Every structure is written in C-alpha cells, then in structure tokens.
There are 2 protein chains.
Amino acid sequence: MPPTVFIVSDGTGITAETFAHSILSQFDQKFRLVRVPFVDSMDKAYVTVDKINDAAVQEGRRPIVFTTLVDSQSNEVVKRSNALVLDMFQTFVEPLEQELDVKSSHAMGRVHQNADTEEYKNRIEAINFSLAHDDGQSNRNLVDADVILVGVSRSGKTPTSLYLAMQYGVKAANYPLIPDDFERGKLPTPLIEHRSKLFGLSIDAQRLSEIRNERRPGSKYAAIENCRYEINEAETMMRREGIKWLSSTHKSIEEIATTILQEIRMDKPPY
Amino acid sequence: MPPTVFIVSDGTGITAETFAHSILSQFDQKFRLVRVPFVDSMDKAYVTVDKINDAAVQEGRRPIVFTTLVDSQSNEVVKRSNALVLDMFQTFVEPLEQELDVKSSHAMGRVHQNADTEEYKNRIEAINFSLAHDDGQSNRNLVDADVILVGVSRSGKTPTSLYLAMQYGVKAANYPLIPDDFERGKLPTPLIEHRSKLFGLSIDAQRLSEIRNERRPGSKYAAIENCRYEINEAETMMRREGIKWLSSTHKSIEEIATTILQEIRMDKPPY
C-alpha cells in the first residue's frame, strides 16, 4: 500500500496540496494523499491527530504530514502526532521574520483572497469576461481585453483563456481563425484594431486531427489534410501580421499561460 | 520600496509562487514578486543569479529568493546569490528521502502533468464538459456529470464549476433554479433523475442584488425583493428535496470547491 500523506491546513489546503504533490512527484512511487482542510480550532487539531495516529496503527508505519497551520498551538498539537511532520509554513516564516526583522501575523485563512475584496471581484469579472468572449462569441468590449488568443479551432484557446482569468484575473478573450479568414487572407475584422493584444496558439497537425476526430469523427474538419492546411494558413497569417505565437502541442495550460504572461508582461501574482 | 521576492523554478513556477504568496501573506507588508520560470539549464541559472544580484545592488538590500530547482548543480548556483535563499524543494525532499529510504529522481518539470498524459486529457475533457453544461445549456450527457450545481442566477455556480474542472478534472455541470421552477414547485425536470448528484449554492440577498445590479441595473431581476423571493424559494426547494447546499456569500471559489469535494467524496489530488 502506498504511504499515506496528510495535508493539514486551516484553509482549503489546496495550495499546500499542490505543492506537496510537486515534491512527492520527485519520488518514483505512489502516495495516498488525504487533504484535511479547515482545521481552524484546537478541537479540530486533536481530531486530526487522532486520524493521523489511526492511520499509523492501521498501516503499520507512520504517515507523512505536511502542515501549514499558522496557529502555533494547533501546529504544536499536530506536530506531536506519530508521523514525519513537515511544517511548510514555519520552516519559511521563521527565516523571513529574521530577515525582515518583524513578527508574522499568524492570521488564519490568508492564503486565498477574501471573497469580499476588490481583487476577488476583479477575478470573477475576468472569468465572466473570458466566458463571454470565448470563441469569438462577442466583439463587444474587446477593448477591455488584456489579451486575445487566436488560432484554429481546438488549438487550446478556451482552456488557456479560462485559466488566465481564473488564476490571474487576466481578461483573456479568444477568437478562432477559420477557413474564411484564410481565403480572404486577412485577420478577422474585429481583431484588426486590437492587433497589439493578439497572441497565437498553434498545434501539431497530427495532434489536432486526433482532437477534432474525438469531436466529429471522420469529418472533413478533422481530416489530417485539412488540419495541415488550416495550421499552415494560420501560421502564415500570424507571421505576416507579426503576431507572437507558440505551439500548444506538448504544453500544459500552466506552461502556455506562463509564456503568454511573460510576453504580454502581465506577470501578476496568482490568486 | 517593498522587498523583491524572486521565485525561481525549472517549470512554470506557478505552484511555488502561489505557495510563496501564501507565506508572505503572513507579513503585514507588501512584496514585489518576480517569477523566473523555465530555469532548466546552468546558463539560465547564471542569468538568474545576475538578475538577483543586480536587484540587491539597485535596492540596497538583498532580495528574498524561493527556489524549487530540482537540478542540484543549478540549485547550488542560485544559492550562492546575494539573497536570502529559501529552498522549497530540497528542504522537504531530504527528510522524505530519509523517511522512505530512497533517493528522489531530481527530474525536472514533474510539477505539472505532462500534456500528453491521459490525466491531462481527462482534465481538458472536464473543462469542455463544464463549459458545455454551463447554466443548463445542455441536458445531454448529464449522466456523465460528477456533480451538478444548482442555485439561482448569479449565486456562483459558473466559476465554481469551471474551477472544479480546471483544478480537479471534475465534470461539474450547473443548472439554474428560476422563477418558473418555484411556481411549479418542482425541480427542473432534467435534474430529477440526477438528484443524488445535485449540490446547491445559495447567497445572501443583499449581495445577490448588488451582483445582479452590476449586470442589469435597476431591473426587477436585480431588485432586493425579487432576490429575497428567489433565494427563499430556492432554499425551500433544496431543503424539501434533500439537496445539500452552502452559502457562497463570503466564500472564495477555492473554499466552495473544497467543501463540495468533501461532500461528493471526490477528494482527488489537484493538478
């Protein structure tokens, strides 16, 4: 059985879990991750310790615990459990306190933005904007877009736009490049005045054909020749128009988004 | 000027930055975060050190550096910069190596899923599913949904559905509860057979009225009396139908998603 790893947090524990996951991915073995969110009282800290100690007994070995509790008392309780306890917060907060020569606030629930803040509202607004401007649905308010992704159908524009909005509060519209545009040899008209905001996504023809075949099996739309044609035309257009672009073929949404943020110089902190 | 904080990563650095951000939020002061992604060679490590050392000179104090480089050589280079270097990876990898009695792989780029894996495709599929089933747009394939969020218009269903899909690969549909449903006193027909998958979002009437007024100022839709009526009816219906629900009023998307995942017992690791 894979070792059990507890992620103990006074908030959602999402950030800690994502980070723990990335550390554990350095080991060529499986782990069973158990997130224990909202541990915001001593009572809940004791319940958590019981859970950890039970797992130690049942599994015949001590579990691994990543803790990010900011309340010192609760944290001390969790640290006394029968486990390898890795304190993700205090480990870095202490040297920072020394460096900055101040004490940290030990305030809980600061990891995510408070839902009542202006930043949070901007983020929700960005999500709504990206949804309303998905796939060229609307040309209204394109002037408000931080970036407009362009590319052939199924090149990865939609997930990337939504990720940029969700994670960074970036108003990311997206607009398809379609055979009509290639025949006219021009950018879609609504985009011309926003050329400086355009960023292109391209993709390998073989991969595109696979993706399109899942949607519309055996269609002309999905045929490899058609995919090659569209991609070739789209890349030619992007080069001619001086639009920066990247290939999404082997990149995750996070990698695409990071590259775009660097290009548009909007490297905001994530939420 | 706020202290400069570099986040140095061989991947996107998103996970590290989000985590660093949560640690820094424990200090009641501002920081200037600079993410330095894709540091995957010795050359890039040296360029990064120059950047850090320049900042130290220009700002008259040493910057703070969070590093998550898995390549030991590059990491050693970065550690020799004129900064407080907090090694987010090695700090936890070493005790884990001891505990598990194995060596870690030191393989780069493992933080995010490889874009070519089955898991990644499932995640993209979940995003497409959630988009296609936003706001009751489609009743097709609701049987494939992991969860169906219900609630009055603007109660937070859409951002939550997209977050669940994006971050956890959960196929989250959402369906509005509208005055027609309240008059009939019944759940929307397409939902009846999926009752076990429903999860409700409610919201404070005052907050709902504010949100709706931004969309349609002065409308009946946004009027406080109408918001009170709809919410009261929706909550009555959810109680009667035995649907679990929570109030989204003061909760971030992450907090709502965490609660839902616990309820539907789909506490998958995040991507």
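## Basis

The model is predicted: local features need pLDDT of at least 70, side-chain atom pairs count only at pLDDT 80 or more, and totals for chains, interfaces and linings use all residues. Residues are numbered from 1 along each chain as its sequence is written, chains are lettered from A and ligands numbered from 1 in the order in which they are written, and side-chain values use heavy atoms, with hydrogens and water left out.

## The sheet of chain A

Chain A holds an open sheet of 4 strands, ordered β2-β1-β3-β4, with parallel pairing. Strands (E, at least two residues) and helices (H or I, at least four) are DSSP runs, numbered from the N terminus. Two strands pair if DSSP finds at least two bridges between them. β2 (32-36) and β4 (84-87) of chain A are the edges; each has a single partner strand, so one side of each lacks a neighbour in the sheet. On average, neighbouring strands of this sheet are turned by 20 degrees against each other, direction ignored. Axes here are lines fitted to C-alpha atoms, for helices over the stretch in contact, and angles run from 0 to 180 degrees between N-to-C directions.

Within the sheet, β1 (residues 4-8) and β3 (residues 64-67) of chain A pair in the parallel sense over 4 bridges. I7(A) has F66(A) of β3(A) as its bridge partner. Helix α3 (residues 72-79) of chain A packs on the sheet and touches β1, β3 and β4 of chain A. Contact means heavy atoms within 4.5 Å. The direction of α3 makes about 155 degrees with that of β4(A). The other chain also reaches these strands: helix α4 (residues 90-100) of chain B lies across β3 and β4 of chain A, at about 175 degrees to β4(A).

## The sheet of chain B

An open sheet of 4 strands in chain B has the order β6-β5-β7-β8, with parallel pairing. Its edge strands are β6 (172-176) and β8 (245-247) of chain B, and each pairs on one side only. Neighbouring strands are turned by 25 degrees against each other on average, direction ignored.

Strand β5 (residues 147-151) of chain B runs parallel to β6(B), joined by 5 bridges. In β6(B), N174(B) is the bridge partner of L149(B). α11(B) packs on this sheet, touching β5, β7 (198-202) and β8 of chain B. Its direction makes about 150 degrees with that of β7(B).

## The interface

The contact takes 85 residues from chain B and 85 residues from chain A. About 7400 Å² is buried between them, 64% of it from carbon and sulfur atoms. Buried area is the accessible area (1.4 Å probe) that two parts lose on being put together, summed over both. Q26(B), F27(B) and F92(B) lose the most area in chain B, together 10% of what that side buries.

There are 4 salt bridges between the chains. Each is a side-chain nitrogen of Lys or Arg within 4 Å of a carboxyl oxygen of Asp or Glu. One salt bridge joins the side chains of R123(A) and E254(B) at 2.8 Å, N to O. On the side of chain B that touches chain A, α1(B) gives the most, with 10 residues.
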